[in-house]
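Work through the exercises below with the sequence and the coordinates at hand. Each task is followed by a stepwise solution.

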Amino acid sequence: MFTRTTAPATLRGTIFTLTATSAALAALALPANATTIHDREEGAYTITIDSSNAYPESIAADSNYIYTGSIDDGTVYRGRVGSKTLESFLPAGQNGRTEVTGVKIDGNRLLLAGAFTGQFFIYTDTGKLVASYTVPDTGAPTLVNDEAVAPNGDIYITDSFRSVLYRIPAAEVNAPATGAHRTLQVAYQLPDYVAGQSNGNGIATTPDGNLIIGYWYSGALYKLTLATGEVRKLDAPALTSADGITRLGNTLYIDRSVNNEVTSVRLSDDDTRGTVVSERTYPGADTTTGVAISGNRLLVTNSQMNNYLYGDPLESPVFTVEDLPLH
């Protein structure tokens, strides 16, 4: 388990080792016919998080609410869709929840990854704890980072420091809110992990109901076929610092934290190839680690994660989410 005080020292050489090179690599990876968007688009606006230490790593939305969580203290923030402010919904430290990375909504269930604590939490949308989970105690570092919901309701969870994918069965996700505690179960082994680096990170379903997993360090995208367990690397440009991933149709929207941009990738019909079709950024982008779709809008977190990890002064005293037109 990592604490807030040890995380910056531990991760200086892991999470942000590509700071100096990722922009150059991204330029090499971008096809000549791709579109780059540099200016704020008409209709974009900023959502403020009511906290001085929010550090919003991820974001999720349904038809009613927008949710984000603090990697610094585990607070979960919520606001109505269309509002300009997110306020505390689940307080810091509740149920031992002291860090939050990946956030997802699944019906009336709120799913929260617990980052360096190795924990995972399932709540009802009214704030009752369904169950909490902890990674197997192997003695290895852990970073429970992001999650995706398969068509059958099972949850799959990445661990950026371990070459595994965890699974929580749908029956446990939808169980009564008893606050049970369980151990996360490994479902699949993932390839090409580089020791000491942040590897599997963002995760989303494919149009055919399988999984796409993005690797932060290498920038590679992988398809995992759930029926067979086959993991296949996509024929796609390396998108270094790929963090949060969301999908609409056959288009992936990939937050690239160090690059401070969202890259759109068009999947082939068989999900074996990916083509970069656009990259966008905006004024005030600050370590963009989370992305979600809300209606015809794109929500992007300005996490200031570089400041959290290194302990440098905040670039802005206000933590925000950017609300952009989808296209």
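**Exercise 1.** Find the bridge partner of D106 in strand 8.

*Solution.* D106 is bridged to R109 in strand 8. Strands here are DSSP runs of E with at least two residues, numbered from the N terminus. Next, take the whole pair: strand 7 (residues 103–106) and strand 8 (residues 109–113) run antiparallel, joined over four bridges; pairing requires that DSSP finds at least two bridges between two strands. Finally, inspect the turn: two residues lie between the strands of this hairpin, and G107 has a positive phi near 60°.

The model is predicted, with pLDDT of at least 70 required for local features and 80 or more for side-chain atom pairs, while totals for chains, interfaces and linings use all residues. Residues are numbered from 1 along each chain as its sequence is written, and side-chain values use heavy atoms, without hydrogens and water.

**Exercise 2.** State the strand order of the open sheet of eight strands, and name its edge strands.

*Solution.* The order reads 3-4-5-6-2-26-25-24, and the pairing is mixed. At the edges are strand 3 (56–61) and strand 24 (288–294), each of which pairs on one side only. Within the order, strand 5 (residues 76–80) and strand 6 (residues 85–90) are antiparallel over three bridges. V76 has L90 as its bridge partner in strand 6.

**Exercise 3.** Determine which strand gives the most to the lining of the largest pocket.

*Solution.* Strand 24 does, with six residues. Strands that each supply at least two lining residues include strand 3, strand 7 and strand 11 (144–149).
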